[in-house]
Amino acid sequence: MALFKFGKTDAPPSLSREQALACVPRKNHLVREEPLAGGLVRLTYPLSWKPWFGGLAKRLGAWDSSPRDKRLDLDVMGTAAWKLLDGKRDVRTIIDLFAAKFDLQPREAEVSMTAFLKELGKRGLVLMLQGPVEPETQTQGKKGKRKKKKNVQ
């Protein structure tokens, strides 16, 4: 056991392949979609600055603390993949639909779609939820605390 762990954090537990394919990708609500010519999509999302870099940029006059946006133009396949992310389908279903749309081999579609989702996740454009997404089963209680509904049969 180390006495000092400077900057080291425990890595989150990794998922198996089947668990990862069962995840449901959900779009970040801060991402804005802009239609482009030819049916393509441009995604605009807020750029997150590291605190130390933001402070340095302010001191040097390179940043006025206003939020910065970043744009990502998707190609035909990226646009089709983005439109398949509805927050209800799991990754496996999205891969199957993507493969059928572009007449791809299943493995090729899986590699392409997982790489695309991984890149979107790194940029903070999608969130991966484990397991099936169920309807909201909680309500607001007193003082804003959440409490579970009881199932009555």
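In what order do the three strands of the open sheet lie? The order is E2-E3-E4, with antiparallel pairing, where two strands pair if DSSP finds at least two bridges between them, and where helices (H or I, at least four residues) and strands (E, at least two) are DSSP runs numbered from the N terminus.

Before selecting anything else, note that this is a predicted model, in which local features need pLDDT of at least 70, side-chain atom pairs count only at pLDDT 80 or more, and totals for chains, interfaces and linings use all residues. Residues are numbered from 1 along each chain as its sequence is written, and side-chain values use heavy atoms, with hydrogens and water left out.

**Colour by confidence.** The chain averages a pLDDT (the predictor's confidence in each residue, from 0 to 100) of 81, and 64% of the residues score at least 70. Select residues 136-142 with care, since pLDDT stays under 50 there, although the model has 13 contacts (heavy atoms within 4.5 Å) for them beyond four places in sequence.

Strand E2 (32-35) and strand E4 (69-73) are the edge strands, each pairing on one side only, and the twist averages 25 degrees from one strand to the next. Strand E3 (residues 41-46) runs antiparallel to E4 and is joined to E4 by five bridges; pick Thr 44 and you will find its bridge partner in E4 at Arg 71.

**Select H3 and H4.** Helix H3 (residues 76-84) packs on H4 at an angle of about 140 degrees, with the axes 10 Å apart; axes are lines fitted to C-alpha atoms, for helices over the stretch in contact, and angles run from 0 to 180 degrees between N-to-C directions. That angle makes H3 oblique to H4, because angles under 35 degrees count as roughly parallel, over 145 as roughly antiparallel, 65 to 115 as roughly perpendicular and the rest as oblique. Show the side chains of Val 76, Met 77, Ala 80, Ala 81 and Leu 84 in H3, which meet Ile 94, Leu 97, Phe 98, Lys 101 and Phe 102 in H4.

**Move on to H4 and H5.** The axes of helix H4 (residues 91-102) and helix H5 (residues 106-123) come within 9 Å and cross at roughly 120 degrees, which makes H4 oblique to H5. To display this contact, select Val 91, Arg 92, Ile 94, Ile 95, Phe 98 and Ala 99 of H4 together with Pro 106, Ala 109, Glu 110, Ser 112, Met 113, Thr 114 and Leu 117 of H5.
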